[in-house]
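Subject: Structure handover

Hello,

Here is the structure I promised to pass on. My notes on it follow below.

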Amino acid sequence: MSEGKRKLGGSMGLSPSDQRKCEKLLLRLYCHAMSLAFQEPVPPTVPNYYKIIRKPMDLSTIKNRLQVHHPLYRKPEDVVADFRLIFQNCAEFNEPDSEVANAGTKLEAYFEELLKNIYADKIFPAQPYCHADLSSPDSMDDSDDDCVQPRRKTAKGKSSSF
């Protein structure tokens, strides 16, 4: 059986260096003024959230997955994918001009800048959704094929959250 397919053991998690870098990313996001809506799972009382968002993600879930005593991440790309999932879910669920969507956009930009600084020697390809890096060649065409459009889920006059 290959190492990648073996059950997670003590040595199957992130390297100590990657662990520190990912924890640094997480701490910086937790400390950002725009992160409050993304620190804990979306409450089940938010209408339709778990019907629309099939893979919920938040900072506390990433924190738990980074725990040394039972690491679930094998490489930094896995951690980055979960961070980006937070922003993708935010863009998909919330009205584009809502407070939460604006916070998500700002936090995402901050995250991508941190990622470039903390992992200066590594490139993490952008995922194909609306908030993908606009400088990438794939996002320069006018096609909406890979773009997840935000859904309008609240009645007029009500603000959506998360």
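How are α4 and α5 oriented to each other, roughly parallel or roughly antiparallel? One caveat before the answer: this is a predicted model. The axes of the two helices, α4 and α5, cross at roughly 155°. Angles over 145 degrees count as roughly antiparallel, so α4 and α5 are roughly antiparallel to each other. Their axes come within 9 Å. The crossing of α4 and α5 is left-handed.

The contacts between these helices are as follows. From α4 come Val80, Phe83, Arg84, Phe87 and Cys90. They meet Val100, Ala101, Gly104, Leu107, Glu108, Phe111, Glu112 and Leu115 of α5.

Next, the aromatic pairs. The count comes to five. One of them joins Tyr49 and Tyr50, with 5.1 Å centre to centre and 80° between the planes. That pair is edge-to-face, because planes over 60 degrees apart count as such. Tyr49 is buried, at 3% relative accessible area. Tyr50 is partly exposed, at 35%. Phe83 and Phe111 also pair: their ring centres are 4.9 Å apart and their planes stand at 35°, so this pair is tilted. Phe83 sits in α4 (residues 76–93) and Phe111 in α5 (residues 99–118), so the pair ties together parts that are 28 residues apart in sequence. Both Phe83 and Phe111 are buried. Tyr49 and Tyr50 also belong to an aromatic cluster, together with Phe93.

Then the nonpolar cores. The largest has 28 residues. Which residues have the most contacts inside it? They are Phe38, Ile62, Leu66, Val79, Phe83 and Phe111. The elements giving two or more residues to this core are α1 (16–31), α3 (59–65), α4 and α5. A second, separate core has six residues, among them Val46, Tyr49, Ile53 and Phe93.

Phe83 deserves a separate entry. Leaving out residues up to four places away in sequence, Phe83 touches Cys22, Leu25, Leu26, Leu29, Leu59, Ile62 and Phe111. Phe83 is buried, pairs with Phe111, and is listed among the residues with the most contacts inside the largest core.

Best wishes

Technical notes. Residues numbered from 1 in each chain as written. Predicted model: local features only at pLDDT ≥ 70, side-chain atom pairs only at ≥ 80, totals over all residues. Heavy atoms only, no water. Phe/Tyr/Trp six-rings, centres within 6.5 Å; stacked < 30°, edge-to-face > 60°. Buried < 20%, exposed > 50% of the residue type's maximum accessible area, 1.4 Å probe, protein only. Helix = DSSP H or I, 4+ residues; strand = E, 2+ residues; numbered from the N terminus. Core = buried A, V, L, I, M, F, W, Y, C linked by side-chain atoms within 4.5 Å. Contact = heavy atoms within 4.5 Å. Axes fitted to C-alpha atoms, helices over the stretch in contact; angles between N-to-C directions. Parallel < 35°, antiparallel > 145°, perpendicular 65-115°, else oblique. Left-handed = near helix turned anticlockwise from the far one by under 90°.
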